[in-house]
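Subject: Structure handover

Hello,

Here is the structure you will be working with. Please look through it first, then read the notes below.

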Amino acid sequence: QSPDDIRHAGRQVVAFSEEMYDKVEELRSFLWNRMYRHYTVMRVRLKVERIVSELFNAFMERYQLLPEHWQRRVEEAGGMAGDTARARIVCDYIAGMTDRYAIREHERLFDLYWDK
């Protein structure tokens, strides 16, 4: 009768029919095998994991590479002494990046021939 009744029901209240559930599972299996785990997608994921990891490590080791506003946040949180706070700030900075910006930032930091 109310949203609270649903929250406290202790069991699932709404579900697919058996026939629809089977179709949904078939679709999930198809997507998992043909799209999410397709070799071209996996190659992109490898690159993304590397970019994010390398950016994180660089900013953790040298937070002075961050824009000034973010550097101040790290310093206010304890600078190099505040590992947990610094990691949270670095994560927030990276999480706010678009894909394109993260790739460019990675190139700026790690590409020896980047001159822009």
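**The largest pocket**

The lining of the largest pocket has eight nonpolar, one polar and two charged residues. Here Ala, Val, Leu, Ile, Met, Phe, Trp, Tyr, Cys and Pro count as nonpolar, Asp, Glu, Lys and Arg as charged, and the others, Gly among them, as polar. A pocket is an open set of points on a 1 Å grid where a 1.4 Å probe fits, with protein on both sides within 12 Å along at least five of seven lines; lining residues have an atom within 4 Å of a point.

This is a predicted model: local features need pLDDT of at least 70, side-chain atom pairs count only at pLDDT 80 or more, and totals for chains, interfaces and linings use all residues. Residues are numbered from 1 along each chain, and side-chain values use heavy atoms, without hydrogens or water.

The largest pocket has a volume of about 210 Å³, the space filled by probe spheres set on the points. Helix 3, helix 5 and helix 6 each give two or more residues to its lining. Helix 3 gives the most, with four. Among the lining residues are Lys-47, Ile-51, Ile-94 and Asp-99.

**Helix 3**

Helix 3 covers residues 39–61. Helices are DSSP runs (H or I, at least four residues), numbered from the N terminus. In helix 3, Ile-51, Leu-55, Ala-58, Phe-59 and Met-60 are buried (under 20% relative accessible area; exposed is over 50%, partly exposed in between; 1.4 Å probe, protein chains only). These buried residues pack against helix 5 (83–95) and helix 6 (99–110).

**Aromatic rings**

How many aromatic pairs does the structure hold? It holds three. Rings pair if their centres lie within 6.5 Å; planes under 30 degrees apart count as stacked, over 60 as edge-to-face and the rest as tilted. Trp-32 and Tyr-36 form an edge-to-face pair, 6.2 Å centre to centre with 70° between the planes. Both lie in helix 2 (residues 18–36), four residues apart.

Best wishes

Conventions
Expected span 1.5 Å × (residues − 1). Contact = heavy atoms within 4.5 Å. Phe/Tyr/Trp six-rings, centres within 6.5 Å; stacked < 30°, edge-to-face > 60°.
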